[in-house]
Amino acid sequence: MASSQQLSGLRELHGIGERVASRLVEHFGSEDAALQAILEGDIASLSEVNGVSHTFALSLARDVRAQAEGCAISDFLKTKEALDLYSRLLELIKTFAHTPHARDKLDLFYPFPASRMDLIQERRAFVGEYLELADVLSADKAFLNLLSSVKKLRPIPGNLRVRDRIILSGDQKTLDAARERFQAFLPIQAVESFSEFVDLARGYSSVIIFDDTYLSFDLPEGLDPEFLQDPSKAEFWQILPEVELAFFARNLACILACLNIVSTLRSSGFDFFEELSEEDLETLKTALLKVGEDGKPVEGFDPELDRLGAALKNLDPVLTSALNEANQHMNLKLEASSLTLSGQELIKLVSGGMEIKDLLAKELHRVYIGEVGAVKEGLAEKLNFQKQEKLMLDSLFSDEISYPLRVEQAQLQLFRQKLNMSLEKARLTRKRELAKVLSTFRQPVERLVREVLDFDLGFSIACFAAQFRLKMPETVPEAGIGFEEGENLFLKARYGEIDPVSYSVGKTRFSPEGLENRVVLLSGVNSGGKTSLLELLAQCVVLGHMGFPVPAKELELGPVEEFYYFGKSKGTLDAGAFETTLKQFSVLSEASGKLVLADELESITEPGASARIIAGILEYLSRSEESLGVFVSHLSELILENTGTDIRVDGIEAEGLDSSLELIVNRNPVYNCVARSTPELIVERLLRKTTGKEQEFYAHLMDKFKN
């Protein structure tokens, strides 16, 4: 892979001016980082830059790849039709990609000329590593769903702020060190007096100090700052566990999917990402399962957190219910009660030593105390309060009798705050425990996700190969392409099972003895499969030179330096277009191995002139011992009349009509044979399907074929 040192700056790249360069630097943080993204083909990240489209990002990555490898896509694909066919193939392969990363990276895979066999072999080695994997796992839907869950890791949000924690200090040096590391995520405040310290501290559930300036003072109740050492040496997970947890929370599904992918691959017998041991995987997975999507510890893993959270959530409804029940009890007790005076009480009452209201208050106090006790006991039981929290319940009820029974709202608010503070402290402790564990895995996880994304690139190609039963081609030294049971991928993708075809051009072991011609005319019936065979040849050559498996049971492929593909033209060309087409063939005079595939080139002009032009092109192509050519034509006999070169004519024949009067076509070309024409068989079909005068007409036409 190329390194950023091969480019001194972004402006060396075609299409990048000052404005785009500035945006790239701003987005990636530096020019080197932007160059590295381009060199690595990070099309997704490049496309995020304002003013950089996906197409432009791909163009940049391809240009740099071509510069690094010394080989561009246009070095092999020499015509628009060749490039279009490659693009169709690529789109088919990309349907097997499970991640956006793989789909983007596949755009950087293109065929190389035979002179860069080193790159082709490197690509074959890369793809070959995944073929066995695909045989085992390409049909495993659970595994494929895991892969589809893997995405580029999302960064920590830029607006992440911890608002319930503060760092306070009276020392400027300490403040500077703390601000340098932590100010982006939480408030850091200078304090000049103890009273200012207390006032600020009371506004936060957690206070961190790095110096003991105010620790010698008696702190108010409920104020419990945490004293830590040097801020420049403090662990980030300890001060800001939320930041560490936010990374894992934002990427939770992706990371868990990657861990399960590792486990699946290993259980299937394939080594993968050995940096993490089985014990590491289990530790990491256990920690991740405790992290919620909001970055907080999830319920169900920590009894204390669950207890405090439930107590806070249920405090008001449980208290309201308990008060209602207590007041009902008080009503019933007071309604059913009677006042009985002892003799001594009667004497005090008559003598004026006691008033009746005192006797009533005494009875009411007994009922009140009983109900208050019942309420506190019920709250403690239903909310699972601990000893300290039970003691705090006393402050909720006044010593003075109140009816109906009610709580002191100010004390209830204070009690709620204390519960919440206990919850936040417990939560902070758990956050730190989780963040401490996860922080050790941060970099390995980043490498793991990158490796899984790169894995999907090779695995997706292998899944494509497995689906279509592709095989790696065998390279032969002389010009030729031959195969057994080849299947046109475009047809197979559309129709499923299709008739396989065997064919050979040039010097391969599949060519019949004495028929190793490098330049061939392909004749045959309409809709017999000539264009499909031409496409199949093109698919095999393009995939083979990409370093990919090809759609044939067996295939031999000789060196091809340049590939020219000419599809069917739509109607006779005008003079300008005709001249342009001829100019494309002028390169045949250059001495290098070429493969030329042309489909019904005769449509460029009138048949007589077409036959002469095609004959001349074939003669020129035949001069090069390194070149191959297959031309589909209905003018085979006329072309042969205009050339003295030994050109083989193969034919795809219709063997007749079946019982349903449909054409029976042998899709395998017959070597050295001009195929029987389709029109004759169509006339025969119409003759056999009609009666009377209409049949007489078709019989008359049929006689013309017999003359």
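This is a predicted model: local features need pLDDT of at least 70, side-chain atom pairs count only at pLDDT 80 or more; totals for chains, interfaces and linings use all residues.
Helix H20 gives the most to the lining of the largest pocket, with seven residues.

User: How should I read a pocket, and which residues are the closest to the centre of the largest pocket?

Analyst: Rolling a probe the size of a water molecule over the atoms shows where empty space is left. In this structure, about 1,400 Å³ of space lies in the largest pocket. The pocket is lined by 47 residues, of which Glu40, Asp42, His101, Lys105 and Asp454 are the closest to its centre.

User: What volume does the second largest pocket have, and which element gives the most to its lining?

Analyst: The second largest pocket has a volume of about 600 Å³. Among its 26 lining residues, Gly222, Leu223, Gln417, Lys418 and Met421 lie nearest its centre. Helix H19 gives the most to this lining, with eight residues, and the lining as a whole divides into ten nonpolar, nine polar and seven charged residues.

User: How does the reach of helix H5 sit against the expected span, and which of its residues are buried?

Analyst: Helix H5 (residues 80–94) has 15 residues and reaches 21 Å from its first C-alpha to its last, close to the 21 Å expected. Its buried residues are Ala82, Leu85, Tyr86, Leu89, Leu90, Leu92, Ile93 and Lys94, and what covers them includes helix H4 (54–69), helix H22 (530–546) and strand E10 (562–566).

User: What is phi near in glutamate 600, and is this residue buried or exposed?

Analyst: Most residues other than glycine have a negative phi. Phi of glutamate 600, however, is near 50 degrees, a positive value. Glutamate 600 sits in the loop between strand E11 (594–599) and helix H24 (607–622), and it counts as buried because its relative accessibility is 18%, where the cut-off is under 20%. Asparagine 672 also has a positive phi, near 55 degrees, but asparagine 672 is exposed, with a relative accessible area of 53%.

Note on methods
Residues are numbered from 1 along each chain as its sequence is written. Side-chain values use heavy atoms; hydrogens and water are left out. Helices (H or I, at least four residues) and strands (E, at least two) are DSSP runs, numbered from the N terminus. The expected span of a helix is 1.5 Å times one less than its number of residues. Buried means under 20% relative accessible area, exposed over 50%, partly exposed in between (1.4 Å probe, protein chains only). Contact means heavy atoms within 4.5 Å. On a 1 Å grid over the protein atoms alone, a cavity is a set of points where a 1.4 Å probe fits but cannot get out, and a pocket is an open set with protein on both sides within 12 Å along at least five of seven lines; lining residues have an atom within 4 Å of a point. Grid points are joined across faces, edges and corners, and a volume is the space filled by probe spheres set on the points. Ala, Val, Leu, Ile, Met, Phe, Trp, Tyr, Cys and Pro count as nonpolar, Asp, Glu, Lys and Arg as charged, and the others, Gly among them, as polar.
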